[in-house]
Amino acid sequence: MDMVRSGTVRRWWARWRTIGADDRGMTTAEYAVGTLAACALAAVLYKVVTSGPVQALLRSVIERAINGQF
């Protein structure tokens, strides 16, 4: 408890939180990696949604929603 009372832990935690706090945005390389990841995810999602079983499932869900009784 002496460390807590003396503020050692609090000072250590405050110093630890400020490490890297001066980054104000992404660099060009981070933008490139983020864009590449987003494109890869979009390509995978497109392949999944345009596959036969998923199209059949979506079609049946939409048909049930349209033909549903209220």
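Student: How many helices and strands does the chain have?

Tutor: The chain has four helices and zero strands; a helix is a DSSP run of H or I with at least four residues, a strand a run of E with at least two, both numbered from the N terminus. This is a predicted model, in which local features need pLDDT of at least 70 and side-chain atom pairs count only at pLDDT 80 or more, while totals for chains, interfaces and linings use all residues. Residues are numbered from 1 along each chain as its sequence is written, and side-chain values use heavy atoms, with hydrogens and water left out.

Student: Why is Val44 called exposed?

Tutor: Exposed means over 50% relative accessible area, buried under 20%, and partly exposed in between (1.4 Å probe, protein chains only). Val44 has 52% relative accessibility, so Val44 counts as exposed. Val44 lies in helix H3.

Student: What share of the 70 residues of the chain counts as buried?

Tutor: By that cut-off, 1% of the 70 residues are buried.

Student: Which residues make the nonpolar surface patch?

Tutor: Val44, Leu45, Val48, Val49, Leu58, Ile62 and Ile66 make this patch of about 640 Å². Helices H3 (28–49) and H4 (52–67) each supply at least two of its residues, and H3 gives the largest share, four residues.

How values were computed: Patches are made of residues with over 30% relative accessible area and no salt bridge: like charges are joined within 9 Å, nonpolar side chains (Val, Leu, Ile, Met, Phe, Trp, Tyr) within 5 Å. Accessible areas come from the Shrake-Rupley method with a 1.4 Å probe; for residues, only the protein chains shown count as cover. A salt bridge is a side-chain nitrogen of Lys or Arg within 4 Å of a carboxyl oxygen of Asp or Glu.
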